[in-house]
Amino acid sequence: MTSRYIAIDWGSTNLRAWLYQGEQCLESRQSEAGVTRLNGKSPDAVLAEVTQNWRESGTPVVMAGMVGSNVGWKMAPYLPVPAFFSTIGETLTSVGDNIWIIPGLCVSRDDNKNVMRGEETQLLGARTLSPSSLYVMPGTHCKWVKADRTQVHDFRTVMTGELHHLLLNHSLIGAGLPPQESAPGAFAAGLERGLNAPAVLPQLFEVRASHVLGTLPREQVSEFLSGLLIGAEVASMRDDLTCQQVITIVAGTALSSRYQQAFHAVGQQTNVVSGDTAFQAGIRSIAHAVAN
């Protein structure tokens with residue numbers, strides 16, 4: 001019989017766990033006990049609660065995400081790129097009896113200093129689900145990853161999601177705004193502006209001025225700003241794009257559609273893989289190997 005194993009995505013604010021028998025998910029659980037929200041409990045105690053009645057003697061647990069950071073359970077190493085995909089699953093950090101943390105990846109060059117933790121597990125899944133030479137992984141910190149079937153060669157991070165949140169919630173741009181609404185037209189207008197003028201700093205105050213002057217509805221500022229920032233991101237990363245290249249976007253439905261729209265506007269083809277699907281496929285590939 002194929003062995004049981006437990007796969008865990010343990011981030012800063014949340015924890016998700018899956019119990020597998022081979023390729024079959026038997027049960028899943030969620031917790032708000034991210035590594036920054038342990039409320040005085042030890043990581044070992046939180047894991048025991050989340051996996052209660054799951055762990056038979058020696059059932060392996062494989063974890064990815066911020067649990068392996070310097071604010072997590074134990075610091076797991078960052079593997080320098082270029083790195084073979086196979087090396088990721090061969091460089092696990094032990095934190096208990098058959099309990100393992102997946103390493104992150106890093107770049108340390110004069111022209112690029114970068115780290116990722118959690119996305120490397122999504123990459124393991126995405127490369128089997130939608131092989132590509134460029135993976136774009138939108139989120140709070142969007143990763144642009146160059147890879148082939150065997151190796152991760154390089155990656156960069158763009159803080160588009162965090163910047164949108166900060167500007168909308170903690171700057172003059174979003175001060176006093178009413179609840180925001182979905183507005184595809186405002187997003188498209190912002191996207192066109194960002195793609196055509198990616199030096200976005202001089203334009204940011206214009207977002208504020210536009211809704212003060214009444215040329216941008218106050219309920220649509222979030223959508224315009226999102227388009228502006230995503231457009232600027234794609235335009236500023238154009239050196240990573242090549243003709244006839246099919247980009248794999250790894251994200252949820254809402255973000256994927258926005259980035260697809262941006263790439264379509266610059267003539268790039270895309271495939272989409274769900275971030276959750278990619279993560280589970282990636283961590284299963286490691287956990288299944290550990291279990292057997």
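Predicted model: local features only at pLDDT ≥ 70, side-chain atom pairs only at ≥ 80, totals over all residues.
The largest pocket holds about 1,100 Å³ of space. Its lining comprises 35 residues, and D9, R117, G118, E119 and T140 are the closest to the pocket centre. Strands β1 (4–10), β2 (15–21) and β10 (112–116) each supply at least two residues. By class, 16 residues of the lining are polar, 13 are nonpolar and six are charged.

The second largest pocket has a volume of about 190 Å³. Thirteen residues line this pocket. Nearest its centre lie G161, H164, S226, I230 and L255. Three helices each provide at least two lining residues: α4 (160–170), α7 (221–236) and α8 (253–265). Helix α7 gives the largest share, with five residues. The lining divides into six polar, five nonpolar and two charged residues.

The model contains four aromatic pairs. One of them joins W18 and F279 in a tilted arrangement, with 6.1 Å between the ring centres and 45° between the planes. This pair links distant parts of the chain, as W18 sits in strand β2 and F279 in helix α9, 261 residues apart. Both W18 and F279 are buried.

Two arginines lie over aromatic faces. R117 is placed over the face of Y78, at 4.2 Å from the ring centre. R117 is also one of the residues closest to the centre of the largest pocket. R258 lies over the face of F187, and here the distance from the ring centre is 4.7 Å.

The cysteines were then considered. A disulfide is a covalent bond between the sulfur atoms of two cysteines. The model has zero disulfides. For C142, the closest cysteine sulfur is that of C106, 19 Å away; a bond is ruled out because this is too far. C142 has 0% relative accessibility and therefore counts as buried. C25 has a relative accessibility of 36%, so this cysteine counts as partly exposed.

Several backbone features fall in loops. A cis peptide bond joins V81 and P82, with omega at about 5°. P82 belongs to the loop between β5 (78–80) and β6 (83–84). Two asparagines show positive phi although neither is a glycine: N39 at about 50° and N53 at about 70°. N39 is placed in the loop between β3 (24–31) and α1 (43–50). Its relative accessible area is 74%, so N39 is exposed. N53 lies in the loop between α1 and β4 (61–64). With 73% relative accessibility, N53 likewise counts as exposed.

Two further residues were placed relative to positions elsewhere along the chain. L124 is part of helix α3. This leucine counts as buried because its relative accessibility is 7%, under the 20% limit. The C-alpha atoms of L124 and G89 are separated by 9.4 Å, and the two residues are 35 apart along the chain. V115 is found in strand β10. Its relative accessible area is 41%, so V115 is partly exposed. V115 and P80 are also 35 residues apart along the chain, and their C-alpha atoms are separated by 9.1 Å.

Terms used:
Residues numbered from 1 in each chain as written. Heavy atoms only, no water. 1 Å grid on protein atoms, 1.4 Å probe; cavity = no way out; pocket = protein on both sides within 12 Å on 5 of 7 lines; lining within 4 Å. Points joined across faces, edges and corners; volume = space filled by probe spheres on them. Helix = DSSP H or I, 4+ residues; strand = E, 2+ residues; numbered from the N terminus. Nonpolar A, V, L, I, M, F, W, Y, C, P; charged D, E, K, R; others polar. Disulfide = S-S within 2.5 Å. Buried < 20%, exposed > 50% of the residue type's maximum accessible area, 1.4 Å probe, protein only. Phe/Tyr/Trp six-rings, centres within 6.5 Å; stacked < 30°, edge-to-face > 60°. Lys NZ or Arg CZ within 6 Å of the ring centre and 35° of its normal.
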